[in-house]
Amino acid sequence: MKLDVDVLRYLSKDDFRVLTAVEMGMRNHELVPSELVVRIASLKHGGTYKVLKNLLKYKLLHHDSSKYDGFRLTYLGYDFLAIKTLVNRGVFVAVGRQIGVGKESDIFEVAKEDGTVLAMKLHRLGRTSFRAVKSKRDYLGHRNNYNWLYLSRLAALKEFAFMKALEEHGFPVPNAVDCNRHCVVMSLVQGYPLVQVKQLQNPDIVFETIIGLVVHLAEHGLIHCDFNEFNIMIDDDEKVTMIDFPQMVSVSHRNAQMYFDRDVECIFKFFSKRFNLSFQEHTDEIDGDTEEYDRPCFSSIEKCTGFLDKELSASGFTGKDQDEIEKFIEEGIEKDTGSEDEGMADEGPNSDEFDETNIKEFDSLQLLEQPERVNCDEKGKAEERQQFCEAGQSSGRETQDTSDKFLKEEEANETGNEDDAELMHRLNKQRRRAVAAVHGRRKTLTSRNSYKDKGGKSSHNSKIQKQLSGW
Ligand code: ADP
Ligand code: MG
């Protein structure tokens with residue numbers, strides 16, 4: 001299954017209404033029976049069944065009759081809902097090539113109206129830790145099978161909140177632009193993952209900077225927990241940017257010392273292997289020559305717990321969210337042996353959905369039927385987040401009234417500028433330009449598993465440059 005944004009442009013208002021109805025139904029149904037979809041969507045002239053068929057055709061929904069007859073959103077359907085919301089808010093206007101496949105995410109370039117390129121991360125929780133999720137059935141209770149949607153949303157919210165807070169504290173992280181459902185939009189890092197870099201001008205300085213970051217994070221009360229060459233980006237000037245924050249924990253976590261040591265060890269190992277830096281081994285011997293590369297000691301760092309709490313909750317990420325997500329990812333990060341263990345093996349009933357790694361080349365997202373409403377209003381976002389905080393948590397409390405209200409709001413978002421013919425004209429023109437611009441563009445994919453086949457940092461960079469100049 002691929003992220004074919006072409007489909008998005010041809011979906012009607014009714015299609016989105018029904019898709020949203022299924023999303024709402026999934027708050028308390030593993031599979032949403034068609035009668036419930038009909039009731040929530042309450043299309044004026046009926047026709048929900050026809051729309052359902054259309055959504056199935058485009059693989060935005062999955063029909064399942066194994067336990068009982070019903071529908072659930074696929075990741076693609078969830079992608080479309082998030083993308084559409086972000087396009088309506090004016091966050092971006094077009095989706096480009098896929099630039100990364102993470103352990104539990106797909107990353108795409110997206111373009112703003114003024115041509116600025118950003119990165120969009122679609123979280124796919126469950127891709128590698130599905131077994132961990134399955135083993136938490138007790139906790140998941142009745143929502144065991146459809147919780148990926150809720151978990152991916154939580155992971156995105158956490159990532160967005162941490163990125164924002166870290167940026168405010170001067171850490172070298174991407175700029176957190178916006179977040180909706182399982183999708184985070186951030187600035188595009190003009191570099192390449194350290195794992196792709198074969199040579200450095202100043203490996204010592206880069207190494208010290210990176211280890212300094214681990215220590216600095218701990219001083220701010222945080223541990224990255226997946227700090228390795230895949231999550232450190234580096235540019236031509238050897239400037240370091242760290243990415244990927246959904247698994248971060250506090251220094252007061254019961255396994256904090258272990259996570260901290262593991263992050264440090266990953267970096268020491270990588271620099272020793274790749275750049276032949278020599279370090280003092282973990283022994284009792286004291287060797288004056290290599291003292292400067294001693295591993296930092298967790299217990300001797302002066303830590304400031306709770307320092308980032310205010311910023312985190314300002315982004316809508318609560319302590320409760322942290323507890324919830326930790327329950328799921330903990331098993332994953334405890335098992336994860338770091339950079340060596342990058343398998344993408346998926347097992348489990350939904351594994352077919354996680355294989356959405358095909359690349360969609362750049363294409364504009366001007367929806368034919370939905371002129372965009374630019375809405376970056378913080379309050380609106382907070383409310384929306386609140387609504388989706390409840391996804392997977394509520395227990396049968398949505399009524400026809402609330403669903404009507406929600407759907408009306410969604411529609412209001414879509415139709416806010418319907419009269420604006422000039423805007424429509426501009427957007428369509430822009431779409432045509434964008435489509436023309438991508439004509440002949442090559443597919444490129446940065447996979448954390450495929451770096452060995454790539455030509456090192458310069459080749460990746462030139463692809464980015466080419467892409468940028470094309471836009
Ligand atoms: P995961 O959580 O699934 O590991 P990451 O956030 O680490 O996902 O992203 C996976 C890959 O996508 C990274 O290794 C990197 O190549 C690319 N990537 C992620 N974020 C950005 C960004 N802001 N700019 C450029 N590339 C990015
Ligand atoms: Mg990563």
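Angles between helix axes run from 0 to 180 degrees between N-to-C directions, the axes being lines fitted to C-alpha atoms over the stretch in contact; angles under 35 degrees count as roughly parallel, over 145 as roughly antiparallel, 65 to 115 as roughly perpendicular and the rest as oblique. This is a predicted model, in which local features need pLDDT of at least 70 and side-chain atom pairs count only at pLDDT 80 or more, while totals for chains, interfaces and linings use all residues. Residues are numbered from 1 along each chain as its sequence is written, chains are lettered from A and ligands numbered from 1 in the order in which they are written, and side-chain values use heavy atoms, with hydrogens and water left out.

**View 1. Helices H9 and H10.** The axes of helix H9 (residues 203–219) and helix H10 (residues 256–275) come within 10 Å and cross at roughly 175°. H9 and H10 are therefore roughly antiparallel to each other. Contact means heavy atoms within 4.5 Å. Among the residues making the contact are Val 206, Phe 207 and Ile 210 of H9, and Phe 260, Asp 263 and Val 264 of H10. By class, this contact has 13 nonpolar, no polar and 1 charged residues (nonpolar: Ala, Val, Leu, Ile, Met, Phe, Trp, Tyr, Cys and Pro; charged: Asp, Glu, Lys and Arg; polar: the others, Gly among them).

**View 2. The sheet E8-E10-E11.** Helices (H or I, at least four residues) and strands (E, at least two) are DSSP runs, numbered from the N terminus. Three strands in the order E8-E10-E11 form an open sheet with antiparallel pairing; two strands pair if DSSP finds at least two bridges between them. Strand E8 (192–193) and strand E11 (240–242) stand at the edges with a single partner strand each, so one side of each is left without a neighbour in the sheet. Strand E10 (residues 232–234) is joined to E11 by 3 bridges, and Ile 234 stands opposite Val 240 in E11.

**View 3. Helix H5.** Helix H5 (residues 75–88) has 14 residues and reaches 20 Å from its first C-alpha to its last, close to the 20 Å expected at 1.5 Å a residue (1.5 Å times one less than the number of residues). Of its 14 residues, 14 are buried (buried means under 20% relative accessible area, exposed over 50%, partly exposed in between, with a 1.4 Å probe and protein chains only). Gly 90, with a positive phi near 85°, follows H5.

View 4. Thr 48 lies in helix H4 (residues 48–57) and counts as buried at 3% relative accessibility. Leaving aside neighbours within four places in sequence, Thr 48 is in contact with Val 18, Val 37, Val 38, Ala 41 and Leu 43. Lys 59 is found in the loop between H4 and strand E1 (61–64) and, at 47% relative accessibility, counts as partly exposed.
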